[in-house]
Amino acid sequence: MADFGPSSIASYLAVALVLFAAGVLAIGTRRNAIGVLIGIELMLNAAALQFAAYGRFRAEANDVQGQTAAVFVVVAAAAEAAVALALLFAVYRTSRDIDLEQTRELRS
Amino acid sequence: MFWTCCLCAISGAIGAAVVRNLFHASLLLGLSLVGIAGLYLFLEASYLACVQVIVYVGGILVLVMFATLFSSDVMGAVQRTPSWLRVTGITGALLASVVAVRLAAVAIHVAKGLEMTRGAMGRPDAITGGNGTEAIGDLLTGAWFVPFLAAGFLLTLALVAAVATVKRFRRTTEALRG
């Protein structure tokens with residue numbers, strides 16, 4: 001059993017695990033598209049945290065590859081949020097509702 | 001401090017996944033994001049912490065909250081905020097401000113290091129006070145150059161796609177009305 005603390009990788013991985021689980025839970029249970037988007041953001045955050053943690057606890061000193069990968073995750077999340085919210089806006093304009101179960105099509 | 005950040009991240013994430021009200025969920029997502037920014041500081045990734053706060057809290061969270069306010073009856077729900085959620089919110093705000101103070105302390109520390117470097121070396125271009133920020137820049141323009149370009153391309157594409165989507169549907173709805 002690893003000891004938890006700021007200098008142990010296990011604590012960061014545990015936080016990332018909880019974040020990812022919360023994201024999966026949000027995606028599975030939410031009916032609203034914004035709720036699903038929040039879940040996706042949580043999962044991406046968990047991934048970025050894992051990148052940073054593994055990069056920090058590698059053997060080489062001053063190795064920032066993990067951090068760089070985490071920056072790319074943040075970029076992907078930003079692009080995804082912009083496109084998702086634009087789509088959501090479009091769906092809302094046509095059907096006045098963003099319930100995922102009710103939304104059958106984008107064509108009006 | 002470390003456990004405060006962990007608590008922020010975990011409780012915010014679980015709350016964002018479970019709470020029924022979307023407005024509260026997005027606020028709790030913000031709590032989680034700030035907590036993760038604090039964890040990045042413990043991983044000696046202050047650049048990543050700044051990116052997290054600027055892009056996630058300043059960009060994505062504002063977008064999500066705008067969409068929430070835009071698309072649902074939030075004000076009625078805010079009036080009915082249960083008291084336990086109010087207490088959680090106040091506690092979260094306090095924890096987040098602790099993290100913010102810590103971030104500011106790191107920023108001041110880095111700025112002082114930068115000042116010392118500049119004063120001692122007399123080279124205004126030398127930025128050596130950051131924790132790996134210089135190394136990240138080297139990596140992005142060196143070994144990771146193609147992914148870096150791809151990320152820029154992705155962002156441009158996302159911007160164009162978002163604008164095109166909204167414009168196309170506006171035209172459709174106008175055609176339907178007229």
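1. Two residues are in contact when they have heavy atoms within 4.5 Å of each other. On that rule, the contact between the two chains takes 56 residues from chain A and 58 residues from chain B. The model is predicted: local features need pLDDT of at least 70 and side-chain atom pairs count only at pLDDT 80 or more, while totals for chains, interfaces and linings use all residues. Residues are numbered from 1 along each chain as its sequence is written, chains are lettered from A and ligands numbered from 1 in the order in which they are written, and side-chain values use heavy atoms, with hydrogens and water left out.

2. Chain A has three helices and zero strands, in the order α-α-α along the sequence. Helices (H or I, at least four residues) and strands (E, at least two) are DSSP runs, numbered from the N terminus. Of the contacts in chain A with a separation of 6 or more, 53% join residues 24 or more positions apart.

3. Chain A has 108 residues, and 47% of them count as buried. Buried means under 20% relative accessible area, exposed over 50%, and partly exposed in between (1.4 Å probe, protein chains only).

4. The size of an interface is often given as the accessible area lost when the parts come together. Here chain A and chain B bury about 5,000 Å² between them, and 79% of that lies on carbon and sulfur atoms. This buried area (1.4 Å probe) is summed over both parts.

5. One salt bridge is counted between chain A and chain B. The term covers a side-chain nitrogen of Lys or Arg within 4 Å of a carboxyl oxygen of Asp or Glu. A:Arg56 and B:Glu44 form a salt bridge, with their closest N and O atoms 3.3 Å apart. On the chain A side, helix 1 (9–29), helix 2 (33–56) and helix 3 (65–95) each supply at least two residues that touch chain B. Helix 3 of chain A gives the largest share, 24 residues.

6. B:Glu44 deserves a separate look. This residue sits in the loop between helix 2 (22–42) and helix 3 (46–71) of chain B. B:Glu44 counts as partly exposed because its relative accessibility is 46%. Its phi is near 60°, a positive value in a residue other than glycine. Most residues other than glycine have a negative phi.

Technical notes:
Buried area is the accessible area (1.4 Å probe) that two parts lose on being put together, summed over both.
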